[in-house]
Each structure stands twice: as structure tokens, then as C-alpha cells.
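User: I would like to learn how to read a model like this one. Please take it feature by feature.

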Amino acid sequence: MDFFQILALIVPAAIVSAAPLILTALGGVLSERSGVVNIGLEGLMMFGAFIGAIFTHYGEQWGLGGGSPWMSFVVAIVAGALFAVPHAVASISLKADQVVSGVALNFLAAGLSIFLTKKLFGAGQTPDIQERIGKGDVPVLSKIPVIGDLLFSNAYSTSFVAVFLAFVVWYIIYKTPFGLRLRSVGEHPMAADTMGINVIKTRYISVIMGGAFAGLGGAIYVASIAGNFTGSTISGQGFMALAAMIFGKWHPLGAMGAALFFGLAQSLSITGEQIPLLKDIPDVYLLILPYVLTILALAGFVGRADAPKASGQPYEKGKR
Amino acid sequence: MNLIKGRLFHILVPVVSVLLGLLIGGIIMLVSNYNPISAYAALIDGIFGNGYNLGETIRAASPLILSGLAVAFAFRTGLFNIGVEGQLLVGWLASVYVGIHFDLPKVIHLPFAILAGAAAGALWGVIPGFLKAKFKVHEVITTIMMNYIALYTTNGIIRAYMLAPGERTKDIKETASLASPWLQQLTEFSRLHYGIVVAILAALIMWFILWKTTTGYELRAVGFNQHASQYAGINVSKNIVLAMAISGAFAGAAGTMEGLGTYQYMTINNAFTGVGFDGIAVSLLGANGSVGIIIAALLFGGLKIGSLTMQSAAGVPTELVGIVIALIIFFVASSYLIRWLTNRFTKGGKI
């Protein structure tokens, strides 16, 4: 097996497992850059996965055919945004501990989505969806030698959506007035308030947008990888997205890069057995790699990662 | 007067939160076409109905008490230990390892196995503590990452070195077991074991350390205000590491409840046990105090065990209890609202 064959095996698999991570990590970036810690990414992603699974299923029954997953994505975006509201209310308006509120959101997602699954389908899992996101070659680009084969043939369209949205989020956060406000309320809310920025409103918008992204991430996970929703469909991807966000230093493109890298580690633990050099490494090491790297990054061994200054602190007007 | 008000308030928030949680749980059942009254009747029957259910409730509460103590102890020092889940897993593995591989009389073997679990948990907790003290890395993130490292590592170790048929380890030796035929007989052969004694002892230990020792005073001082503690000559870094070690030890002990008590072995876990995350809910509801935690753990243990009867007798999925617990956490965490309201009515009242 030569080097190129190995790449052809790993790279597409990495990109596939990275797409949901990228989107969820972007959700985390939006929320945390505005100063609201979001441990609830896992729950948001889980709820998005649940909504994605049932609406793809319903879409098939309503005769939407190949459009069903795309319809489910739209619903999942709305559902994710709505599901982030309790976290926003608790941590912004009611000044609850943001970590606790995020943990509660995870509990709520796990309870509610499985409760509803059992209620709707009488079983612990949703029916398998027929209309998955298909693989396909991108016209023109797939003809480029080497890169075309690696990145643009046999690829999921959702992966391109994820990468595209990473640039969109980067543009929003760094190139628009709203993005400047978002960052300023995350770094120094009082200064922002003094300049006439509505801290509360900006944070609400950011957290709710973050929820929409995480919801989409969950739905894409179902439509491209899992194929249905059970209690164990989302087990840790949300936290891995959180890790990607930190490893990417709270920057949308950094988060995307980290998510791709973690996707690589994930896919290596699955495809590793076919690769000569990696065959002898127990997959434990590849499984724990993303988490170990995140800790090292935080400790400053792999480029220091610093959180937005005001993240985790509720804003109280007039407080010194 | 103010003191009584403060006390009352501390009890009021959890009680109101639990009632609100159950109320909204009832509304959710109504909306989804279940009968909330018969469901809650089944739930109560599932907790107290017979000796077996009661025994199972207490059994489920034992690790919850310990994981609640773990979260609370770190909280008192101003740290948020979300890593209880991972510390619990390494503690579980260490206790089972000692339980299988040593030949000792029970008086030595059992305490040794429990202490081994606690030590493993402490070690797992020290890492984030050290990173926090030395590099100012936020412990919430590191402990989450350590959870996954623990999950995959313990699975890897079992698979590589301790595997028995059925994706699990061998059974531990009788001399390391917490199981009690007497307690089982008393509760119509539930899986109740002596772990509840260990858990209550641990609650006493936490109370003693925090309130009756200089170390506890320092730990709490660091929790209130790191800068003031530093100024007063308290070694903040040392106390952070120490708090995470003790917190991890409680979490590791929670793991021994599963390893030496309920299961007598360790399985390869595809996902977390949930006991560690529930510990956050327990400590929050129990207001980080020993007595509160025991009561909260019994409540959540009861809800979990009772939900089984709720499903079989009233047809309501067990997950309803998960929703109720999530709502309770939201309400306790949002107590600012209640606090704010009461402050409006108390002139000059401070938070």
C-alpha cells in the first residue's frame, strides 16, 4: 500500500467525521466569543440529531425523497436555536452559573429526545432513514489531479456546507459590526455597554445562533453517518466539538482546522487497521489523542489557548 | 431574623425547584397523553412500595452521595469538577483490580480495595488540579477531557489485560466484596450492599475536613476569595491541588460502589455511567452540604429506581425522570430570580 492509497483512505473519512464537529464547534465559538460558556453543545447536538432523524423520516413519508434530509436540516436549525433559549435565559437573564446551566441542557436533551422517541415510535430508536446524504463527485474540481481525488470525489455535500459556513462565521465575527459587538461583549461587557452596545441582546443572539449551528451539526451527523437516532447516537461528539473550539483558540477557522484534525484522529481509529504502520498501535491512543492534545494546548505546550476574557461571567449593569 | 431568613431561603430554593420540576414533568405527561397522577403514584410505589424497591433506591443513592460529595468538595474551593465521571471509572477499575489480584483477609482486603479506588480517583483529579494551579488552565475543560481519556483508557486496559467472557473483567474475590446477604435478605433480595455505610462515612469525613480542620478552613477561604487567601498567607496552588485530590478520592470511592458492591466486576463501558454527571445535580440540590447531599442523593436515586415502575405500571418512559432532573437543575441554578425577588422585599438586604 503506497502513501497515496493511505491518504485516499484517511482523508475522505476524516472530512466526513469532521463536518458535524465543525458546525458544532462553530456554534461554540459564537456563544463563547460573546461571553457565554456553552457546555450544552452536546445536548444541542443531540437534540439536533433527534430532530434531524425524525424529520428526515417524516420527509420521506411526505414524499420529499432526496430533499428530506435537507428539509430536516432546516428544522434542526430552528429547533437547535429554540433549544438554546433555556440556556440563554438561565445564564444571561437569570445569571445562573453558565456551566451548571449547560449541564442541565445536556440532561434535558438526553431526557426529552429519548422520551419523545419512545412516545412517537414506541421504541428506543427512530426508524432508519432511507434518504441519506449521498456521496458524489464535484464537477470540474474532482478532475484536478491528486487533490481532486482526495477532496472532491466521493465526497458528501454536507462537508462543503460545513467548511463554507466556517468562513461565513469567520466573516460575521471579524468583518461585520455585529461581530465586533459580539467580541466586545465577550471581552469586556462593561466597556461595550458604555459604548451603547446592548450586552444582553447581543449575547442572546449569539447563544441562539450557536444553538442553531450545533443543531445543524447533530442533524448532519444523523444524515451522513448514523442513519437513525438512539440514546447513544451522540455520545461525546459535542464535547469533542468543545475541545475543537478550544484547540482552535476560539477562532472559527481554527476551530474548523481542529475539527478536521480530530476527525482525522477519529477516522484513524476506525480505518487504522488497514494501514500498515498504524495497525500495531492500539486504537486507545488514537481515541484519546484529541483530548490529550486539547489539554496540552490549554497548558501551553501546543500554543497557548486563552478564553475570551468575560466568558463565564454574567453581566450585571453597574457592577464593578 | 436575617439568619432565619437565610436558612429558610436555602431550604426554600431546593424544595420549590423540586416541586416545580415535578409539576412541569406532570404537564409534559399531560401533553403527551399520559396520566400524570397514576404515573407519579407508580413512581412513589416504585420507591417505597416494597422492601426490594426501597433497597434498590438506597443502593442507587450510595454512589450518588459520593459523586455529589466529590462535586461539592471541589465547589467549596471554588472549583467545578465535571470530571467525577472519569475519576469514578478509574476508581472502579482500580478497586476491581485489587479485588481480583490480591489474596488478603477481608478486614484488610476490603478497605484496601476501597482505598485503591479512592487513590486512583484522587490521582485522576490531581492532574486537572495541578494544571489549574500551575498553568491557570480552566478545570472545567480539562476534567471533561480527562473523562474521555478515562473512558477509553479503562476500556483499553480491560480489553488488553483483564478480559473475561462477556466484555467484562472477572468477578472480584469474596474478601473484597461490599455485598451483604443480610441487607439483601432484609430488602427482599435487592442488590443493597454496605456501600451506603461507606457513603455516609464519607459525608461525615467531608463535613469534618471542611468545618473542623485548618485545612478545611483554608480550602473554603480559597473558594471564597483566592486573592484575599493569597494575601493572608494561604498557599492557593497547594489548596487547589489538594481540593481536586480529595474531590477525586470521593469520586473514586463512588466507583468502588459499583465495582465492589453492585456489580462485583467492571464492564467495558460504551458510554459514561451518568453517576458522575448526576453528582452535579445532587451537590447543587444539596447546597454543597453533607446532609443536603445525602437527602438529594436519596431523592435522585429514588427517582431513577421509581421510574422503572413508572414505565412498567403507567407506561411512561423512564426518561421523564431525566427531564425532571434537568428542570430541577435549571431552577436551582436560576435561584437568582427568587433571590432577587426576596431582596426587593427586604430593605437593605444583600445577596
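This is a predicted model: local features need pLDDT of at least 70, side-chain atom pairs count only at pLDDT 80 or more; totals for chains, interfaces and linings use all residues.

User: What area is buried between chain A and chain B?

Analyst: The size of an interface is often given as the accessible area lost when the parts come together. Here the area buried between the two chains is about 3600 Å². Carbon and sulfur atoms give 83% of that area. On the chain A side, Phe107(A), Phe115(A) and Ile295(A) supply 19% of what chain A buries against chain B.

User: Which residues line the second largest cavity?

Analyst: The lining consists of Ser91(A), Ile92(A), Gln98(A), Ile200(A), Arg203(A), Gln313(A), Pro314(A) and Tyr315(A). By class, that lining has 4 nonpolar, 3 polar and 1 charged. Helix 4 (85-93) and helix 10 (199-226) of chain A each give at least two residues to the lining.

User: Now helices. What span should helix 4 of chain B have?

Analyst: An α-helix has 3.6 residues a turn, so residues three or four places apart point the same way. Helix 4 of chain B covers residues 84-101, which is 18 residues.

User: Is helix 4 of chain B largely enclosed or exposed?

Analyst: Largely enclosed by the rest of the structure, because 16 of its 18 residues are buried. Take Val84(B), which sits in this helix. Val84(B) has 0% relative accessibility, so it counts as buried. Beyond residues up to four places away in sequence, Val84(B) touches Ser67(B), Ala70(B), Val71(B), Asn147(B), Ala251(B) and Gly276(B). Thr57(B) is 27 residues from Val84(B) in sequence and 21 Å away in space, C-alpha to C-alpha.

User: Last, the backbone. Where does Lys249(A) lie?

Analyst: Lys249(A) is in the loop between helix 11 (237-247) and helix 12 (252-271) of chain A. Its phi is positive, about 55°, although Lys249(A) is not a glycine. Lys249(A) has a relative accessible area of 39%, so it is partly exposed. Lys95(A) is another non-glycine residue with positive phi, near 55°. Lys95(A) lies in the loop between helix 4 and helix 5 (98-121) of chain A.

Technical notes
Residues are numbered from 1 along each chain as its sequence is written. Chains are lettered from A and ligands numbered from 1 in the order in which they are written. Side-chain values use heavy atoms; hydrogens and water are left out. Helices (H or I, at least four residues) and strands (E, at least two) are DSSP runs, numbered from the N terminus. The expected span of a helix is 1.5 Å times one less than its number of residues. Buried means under 20% relative accessible area, exposed over 50%, partly exposed in between (1.4 Å probe, protein chains only). On a 1 Å grid over the protein atoms alone, a cavity is a set of points where a 1.4 Å probe fits but cannot get out, and a pocket is an open set with protein on both sides within 12 Å along at least five of seven lines; lining residues have an atom within 4 Å of a point. Ala, Val, Leu, Ile, Met, Phe, Trp, Tyr, Cys and Pro count as nonpolar, Asp, Glu, Lys and Arg as charged, and the others, Gly among them, as polar. Buried area is the accessible area (1.4 Å probe) that two parts lose on being put together, summed over both. Contact means heavy atoms within 4.5 Å.
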